[in-house]
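Work through the exercises below with the structure open beside you, and try each task before you read its solution.

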Amino acid sequence: MATIIDGKAYAARLRAEIGLQVRTLREQHFVTPGLAVILVGEDPASQIYVRNKANQAREAQMSSFEYRLAYGVPEEQLLELIERLNQDPAVHGILVQLPLPPQVDPERVINAIRPDKDIDGFHPLNVGALATGGKGIVPCTPLGCLMLLKHHLGDLSGLHALVLGRSNIVGKPMASLLLKENCTVTIAHSRTRDLQAECQRADILVAAVGQPRLVAGHWIKPGATVIDVGINRIEEAGKALLVGDVDFDLARDVAGAITPVPGGVGPMTIACLLLNTLEAACRQNGIAFPGNIMQAAWGSVEGS
Ligand code: NDP
């Protein structure tokens, strides 16, 4: 039976450590990390995400600024707000909740965020830094997945990793991070010919496709570590359920370790958002970032 990787518990410890670092930053350097979250429209799932992010930022003793714009807001108005936040010294991280309405070009919006305040790590400068092994801001979800993997497996060197999904938000940056950790990386997607065979070769399987229970138990290499990024809302036997991209009940009999949904990657994503905001606040004020923060939170984890 697989070990269950309790992302919720890891994230709680990471947030607690971030809270301590935020207090030190304020007491020793008079800097309070500030996170600005912009929500356009009233998408119910996005509203929940934004509320969670703002609440957890406040719990970590950060300043939290929320901006709610109407669904029909002209793109120009959103860009003006971003520019204002770019200039605001109390704001160290800016997050625009996706998806955006059709009149707004997400690329223009992402490009308008100052790269050192782009705590989602989506700006081309940060994407480029990750791809070339430079120092930039790493997208939160893949960063959280990597932390869980490193904590569970230690050195990832030489392991065969399969990243299922090639989005800019999860799949591609995840593959870059695993490559940086010296994994042999395969990226699979909807045009991959034999997905099952690709999965069966993987020591590490990261599933980020948005297809409920796509990865069957027998697709998994015995003993593999499975990170399930998927969040799928389904209805089963008249009940609303949240399930991942992996068939958890069958996979846990085969895998060595697996993250559950919910309670796996999701909480780590928000904790990493706070981590990126803390790091951004340090950098913008010329303060050394406490590089051992993961170690302080979890013991044996190396810094990413
Ligand atoms: P996207 O829709 O942007 O990308 C999905 C990827 O999966 C694409 O590369 C697509 O291939 C591939 N894909 C889709 N169907 C199949 C299939 N049947 N076989 C093989 N590949 C397939 O999704 P995201 O990356 O944004 O998100 C993926 C999942 O992760 C979603 O469930 C999302 O809700 C969740 N998520 C969870 C987060 C968390 O914090 N836990 C954060 C972000 C996302 P192709 O490119 O060929 O179309």
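**Exercise 1.** Find what joins the side chains of T269 and T141 in this predicted model.

*Solution.* Begin by locating T269, which has its place in helix α10. Next, set aside the neighbours of T269 within four places in sequence, and the residues in contact with T269 are then C140 and T141. Finally, look at the side chains of T269 and T141, which are joined by a polar contact of 3.0 Å; a polar contact requires a pair of N or O atoms within 3.5 Å.

**Exercise 2.** Describe the lining of the largest pocket, and state which element gives the most to it.

*Solution.* Start with the pocket itself, whose volume is about 1200 Å³. Its lining is made up of 44 residues, and those nearest the centre of the pocket are Y49, T141, I231, G266 and T269. Two or more lining residues come from each of the elements α1 (7-29), α2 (44-59), β4 (93-96), α6 (140-153) and α10 (265-284). Among these, α10 gives the most, with six residues.

**Exercise 3.** Explain why the largest pocket lies between domain 1 and domain 2.

*Solution.* Take the bounds of the two domains, which are 28-114 for domain 1 and 140-265 for domain 2. Because both domains give residues to the lining of the largest pocket, the pocket lies between them.

Note on methods. Residues are numbered from 1 along each chain as its sequence is written. This is a predicted model: local features need pLDDT of at least 70, side-chain atom pairs count only at pLDDT 80 or more; totals for chains, interfaces and linings use all residues. Side-chain values use heavy atoms; hydrogens and water are left out. On a 1 Å grid over the protein atoms alone, a cavity is a set of points where a 1.4 Å probe fits but cannot get out, and a pocket is an open set with protein on both sides within 12 Å along at least five of seven lines; lining residues have an atom within 4 Å of a point. Grid points are joined across faces, edges and corners, and a volume is the space filled by probe spheres set on the points. Helices (H or I, at least four residues) and strands (E, at least two) are DSSP runs, numbered from the N terminus. Domain bounds come from an automatic or database domain assignment. A polar contact is a pair of N or O atoms within 3.5 Å; within protein, one must be able to donate a hydrogen and the other to accept it, and residues adjacent in sequence count only if both atoms are side-chain atoms. Contact means heavy atoms within 4.5 Å.
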